[in-house]
Amino acid sequence: MTKILLVEDIPDNVALVRKALSGRGYEIIHAPDAETGLQLALTHIPDLILLDLGLPDYDGQTLAGWMRAESVLDATPIVAVTAWPEETAKAMVESYGFDGYICKPILKVNEFIAQIESFLKTP
Amino acid sequence: MPPTNPNTTIQLIPASRFSFEQLTAIYNQTRVDYMVPMPMNAARLAEYVNTYDVDLDRSVVAATQDGDMLGVNMLGLREDRAWITRLGVIPNTRRGGVGQALMESLMEQSSRLSIKFAMLEVIKNNTPAHQLFLKLGFYEVGELLILRRSPFTQHVDPIVADAERMDRTDSLVLVGRDRGTQPWTNQSESLFNAFEVSGLRLTLADGSRGWMVYQRQKFLLSRFAFKTEVGDPATVAYALLSHLHYQYPRLDTQVENIQINDPHLPAFYKMGYVESFRRIEMWHGTPPASLGMK
């Protein structure tokens with residue numbers, strides 16, 4: 001089963017992602033903060049990491065930096081999920097080693113699923 | 001929940017009656033829909049309160065008479081200055097006067113202490129909050145930048161200089177000197193209160209010299225204070241940053257509330273920092289003499 005690690009602190013957003021991806025062959029692993037996110041990433045080596053940029057302990061940029069420093073996660077795409085304006089999101093994605101970003105709020109489920117599939121297919 | 005009528009339903013409770021876990025939960029709920037949500041956990045909030053001299057007895061939580069949480073607002077106090085921070089109203093209870101009630105409560109707390117000057121920062125483009133502060137008599141002072149530098153930014157060799165690392169004690173001696181007017185977060189007291197503070201001092205071949213003080217946490221460099229004693233500030237700052245990032249190549253960096261007219265600023269861009277977002281600094285009342293020395 002394809003494993004997706006979701007690092008997100010807001011329960012409603014977690015529920016939304018779980019609902020959108022349920023029944024599609026994904027196992028969703030959830031971390032509510034950065035420290036737990038790193039721990040679960042290293043334990044499960046997921047196929048994709050969805051990373052909220054606003055987390056309660058360290059923010060998503062700092063966490064992406066830790067993850068990118070771990071060679072076991074070299075093959076795992078890390079995607080920022082953010083409500084930042086597009087220009088800022090692009091700058092953060094480029095400088096912090098993310099593989100892309102998904103804009104919040106997630107309004108169109110089909111579009112979101114297509115984005116997830118696209119990141120999973122990217123070599 | 002419909003908009004709240006403050007005259008009939010709001011009660012204002014001292015924040016000190018809540019645990020850090022409870023305050024964190026309220027604060028995080030007020031920010032869920034922010035573009036820059038900046039959530040906290042209890043440990044971070046406790047550190048925030050300590051670092052920024054937040055007085056929880058004079059900070060307030062708003063709730064309905066039935067005990068439903070509505071919002072929070074916190075008051076920092078230093079000498080004859082006040083700082084308003086962490087103002088937030090839970091999204092589905094906005095537009096009912098909760099924010100104004102929270103603000104007026106803290107302004108009243110300050111007045112009771114005979115404090116006639118208050119400062120705050122508001123995220124640029126947070127129009128409702130900005131409008132509220134203007135309505136309450138705050139005026140704009142300038143813009144503040146929040147900058148980031150990722151650990152993957154291109155490696156930079158240290159500029160040739162006579163450089164010296166400083167421990168906490170030596171660093172805080174320098175921070176205590178005149179650094180001009182600073183936003184609350186960057187005032188000397190914030191660094192005095194912060195953990196893991198150290199510094200760098202250097203002299204360049206042409207005699208330019210300056211120092212920087214910073215906080216080094218496990219994964220993050222932050223809380224920068226700069227001073228150029230002789231020479232061009234951008235040149236001195238670039239040299240200082242080159243030594244800092246050479247020393248800590250794997251650390252993420254966040255610079256908070258650097259003033260947009262700070263003469264050191266070009267060094268940050270040259271060193272690969274990117275802008276995250278901006279805040280507007282606002283003041284209320286006449287700045288006291290103590291502000292200029294911080």
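**Domains, helix packing and chain contact in a predicted model**

Chain B is divided into domain 1 (6-116) and domain 2 (147-282), with bounds from an automatic or database domain assignment. This is a predicted model: local features need pLDDT of at least 70, side-chain atom pairs count only at pLDDT 80 or more, and totals for chains, interfaces and linings use all residues. Residues are numbered from 1 along each chain as its sequence is written, while chains are lettered from A and ligands numbered from 1 in the order in which they are written.

Q: How is helix H2 of chain B oriented to helix H3 of chain B?
A: Helices (H or I, at least four residues) and strands (E, at least two) are DSSP runs, numbered from the N terminus. Axes are lines fitted to C-alpha atoms, for helices over the stretch in contact, and angles run from 0 to 180 degrees between N-to-C directions. H2 (residues 20-30) and H3 (residues 42-51) of chain B pack at about 95°, their axes 9 Å apart. Angles under 35 degrees count as roughly parallel, over 145 as roughly antiparallel, 65 to 115 as roughly perpendicular and the rest as oblique, so H2(B) to H3(B) is roughly perpendicular.

Q: Which element gives the most to the side of chain A that touches chain B?
A: Residues are in contact if their C-beta atoms, placed from the backbone, lie within 7 Å; chain A contributes 21 residues and chain B 22 residues. Helix H3 (60-68) and helix H4 (86-96) of chain A each give two or more residues to chain A's side. With five residues, the element that gives the most is H3(A).

Notes:
Contact = placed C-beta atoms within 7 Å.
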